[in-house]
Amino acid sequence: EFSMPVVNGASLEEIKYTLPSGWRGSVSNNSLYIYPPDDSGGGYLVVNDTELPEGMGRREFFCSGGNICNSSTVFEPIQVGNLSGYRIVTSKSESWEANYYIAAKGDRFYMIVVGKSPKTTEFNNHYQSVLDSLVF
């Protein structure tokens, strides 16, 4: 009997991405932080990775981790870089919005938090291209 070997995802330091001019990314405190230029009005992407327990799905794991999931939580299937995953909108106001993106590869679970304001034009114009460029 032949079985395909499980290919695990990249560690935070090994994740590849392409940034627009002036943007920067760095790993600290067990997270990958990606920011637009300082004078552009803000916004951020934060990538966290943890071990995905065997037999547990991405949505189940996200909701078990202290994240607020209820009957109105929507998991929108999308592409997250080179992986299929979900976009989860959990909180939104006129001045700030936090979106979560989750994906998994092998035993690695990735959660990307996108924090943005409608006023952060530089960030809003380019964060999707950064998300699309992620290679886990």
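Biologist: How are residues numbered, and which pLDDT do local features need?
Modeller: Residues are numbered from 1 along each chain as its sequence is written, and side-chain values use heavy atoms, with hydrogens and water left out. This is a predicted model, where totals for chains, interfaces and linings use all residues, side-chain atom pairs count only at pLDDT 80 or more, and local features need pLDDT of at least 70.

Biologist: Is Phe-61 buried or exposed?
Modeller: Phe-61 lies in helix H1, residues 58-64. Helices (H or I, at least four residues) and strands (E, at least two) are DSSP runs, numbered from the N terminus. Buried means under 20% relative accessible area, exposed over 50%, and partly exposed in between (1.4 Å probe, protein chains only). Phe-61 has 17% relative accessibility, so Phe-61 is buried.

Biologist: Which residues does Phe-61 touch, not counting those up to four places away in sequence?
Modeller: Contact means heavy atoms within 4.5 Å. By that rule, the residues touched by Phe-61 are Thr-50, Glu-51, Leu-52, Pro-53, Met-56 and Phe-109.

Biologist: How many aromatic pairs does the structure hold?
Modeller: Rings of Phe, Tyr and Trp (its six-membered ring) pair if their centres lie within 6.5 Å. Planes under 30 degrees apart count as stacked, over 60 as edge-to-face and the rest as tilted. The number of aromatic pairs in the structure is eight.

Biologist: What kind of pair do Phe-61 and Phe-109 form?
Modeller: Phe-61 is in helix H1 and Phe-109 in strand E7, 48 residues apart, so the pair links distant parts of the chain. Phe-109 is buried, at a relative accessible area of 5%. The ring centres are 4.7 Å apart and the planes stand at 75°, so the pair of Phe-61 and Phe-109 is edge-to-face.

Biologist: What is the angle between the planes of Phe-62 and Phe-75?
Modeller: Phe-62 sits in helix H1 and Phe-75 in strand E4, 13 residues apart. Both Phe-62 and Phe-75 are buried. Their rings are 6.2 Å centre to centre and edge-to-face, with the planes at 90°.

Biologist: Which residues form one aromatic cluster with Phe-62 and Phe-75?
Modeller: Phe-75 also has the charged end of Arg-59 over its ring, 5.9 Å from the centre. That term needs NZ of Lys or CZ of Arg within 6 Å of the ring centre and within 35 degrees of the ring normal. As for the aromatic cluster, Phe-62 and Phe-75 share it with Tyr-86 and Tyr-100.

Biologist: Which cysteines form a disulfide?
Modeller: A disulfide is a covalent bond between the sulfur atoms of two cysteines. Here the rule is a pair of cysteine sulfur atoms within 2.5 Å. The count comes to one disulfide. Its sulfur atoms are 2.1 Å apart, and they belong to Cys-63 and Cys-69.

Biologist: Is the link of Cys-63 and Cys-69 left-handed or right-handed?
Modeller: Cys-63 is partly exposed, with a relative accessible area of 30%. Cys-69 is partly exposed too, at 26%. The angle about the S-S bond is -90°, and the link of Cys-63 and Cys-69 is left-handed.

Biologist: How many residues of E7 are buried?
Modeller: In a regular strand the side chains alternate between the two faces of the sheet. On one side of E7, Arg-108, Tyr-110, Ile-112, Val-114 and Lys-116 are buried. On the other, Phe-109, Met-111, Val-113 and Gly-115 are buried. E7 is largely enclosed by the rest of the structure, because its buried residues number nine of the nine.

Biologist: How many bridges pair E6 and E7?
Modeller: Two strands pair if DSSP finds at least two bridges between them. E6 and E7 form a hairpin with two residues between them, and Gly-106 in the turn has a positive phi of about 60°. Ala-98 stands opposite Gly-115 in E7. E6 and E7 run antiparallel, and their bridges number nine.

Biologist: Where does helix H2 bend?
Modeller: The buried residues of H2 include Phe-123 and Val-130. They pack against strands including E2, E3 and E7. A bend is the angle between axes fitted to the seven residues ending at a residue and the seven starting there. Helix H2 (residues 121-133) bends by about 35° at Tyr-127.
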